[in-house]
Amino acid sequence: MSLRYKRNIIHIKEEEQQRIQDFPVLIGGCGIGSYIAECLLRMGFENLIIIDGDIVELTNLNRQNYVVGDIGINKAMALKERLMAINPDAKITAYPEFLDRNNLYSLDLNCKIAINALDFSSDIPFLFDEYMAQKNIPVVHPYNLGWAGFLTVITPESHNLRSLDKEHQAFEINVGKFIVDRLQEKNIDTKWLEDFLSEYGKIAMDSPPPQLSLGLYLLAGMVCQVVFNIAMDKAIRVFPESYYLSMRE
């Protein structure tokens, strides 16, 4: 095992470390995807494709993996610079553009796992899932709940998230209600999350969902574990099953 990953020993076997090194992972959306990308890279996933047309803003700095000097810079390019500073030998492909109906099918998005951290301001996240399903690629959906992290995995054989695209015009509210239902089925207390959704529902049409850095840190670890398990051909939960980690009782 190379010196870079020597402290991964015991947790990750040498043959596993070698296997993930060139295992291509696509990250659509470099907001939530910013810490996920760094966590994957530090773990040993050195072949990452990142895409986002957004620029870094001051309001991103409460949670996303950027600094003041990145403000005004495209997120994908700023993130690539940070990742290359961590590991100059990594293969980081950055597309500084928003995914749309045209480039989704024309960009070289050759990967084995995709992470859908795209904004649900259009139907592009759904098209992204459908496109990956056509290529037999599993898609990880991470959600930052502030004090908690939640993710689910879409596969060609599973249901897709369009089944949640109803009731409320803000898709995040529909996802939130789905999460509450799933947690209640497991007898997990959801009062704090229900209170949050109630407050967010009042501003949902005008504001993106409030998020904390803590939720993103939890998510990054959860996503890395799931991506690692997929890469190692281990069993995972798929939609409507899910993963949840909370710091709230």
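This is a predicted model: local features need pLDDT of at least 70, side-chain atom pairs count only at pLDDT 80 or more; totals for chains, interfaces and linings use all residues.
Local features need pLDDT of at least 70 and side-chain atom pairs count only at pLDDT 80 or more, whereas totals for chains, interfaces and linings use all residues. Residues are numbered from 1 along each chain as its sequence is written, and side-chain values use heavy atoms, with hydrogens and water left out.

Helices α2 (residues 33-43) and α3 (residues 75-86) have axes that come within 10 Å and cross at roughly 20 degrees. Helices are DSSP runs of H or I with at least four residues, and strands are runs of E with at least two; axes are lines fitted to C-alpha atoms, with angles from 0 to 180 degrees between N-to-C directions. The two helices, α2 and α3, are therefore roughly parallel to each other (angles under 35 degrees).

The count of salt bridges comes to 10, each being a side-chain nitrogen of Lys or Arg within 4 Å of a carboxyl oxygen of Asp or Glu. Within helix α2, Glu38 and Arg42 lie 4 residues apart, about one turn of the helix, and their closest N and O atoms are 2.9 Å apart in a salt bridge. Glu38 is buried, at 9% relative accessible area, and Arg42 is partly exposed, at 46% (buried means under 20%, exposed over 50%, partly exposed in between, with a 1.4 Å probe and protein chains only). A salt bridge also joins Asp123 and Arg101 (2.5 Å, N to O). This pair links distant parts of the chain, 22 residues apart.

Met1, at 31% relative accessibility, is partly exposed and lies in the segment before α1 (14-21).

Notes:
Angles under 35 degrees count as roughly parallel, over 145 as roughly antiparallel, 65 to 115 as roughly perpendicular and the rest as oblique.
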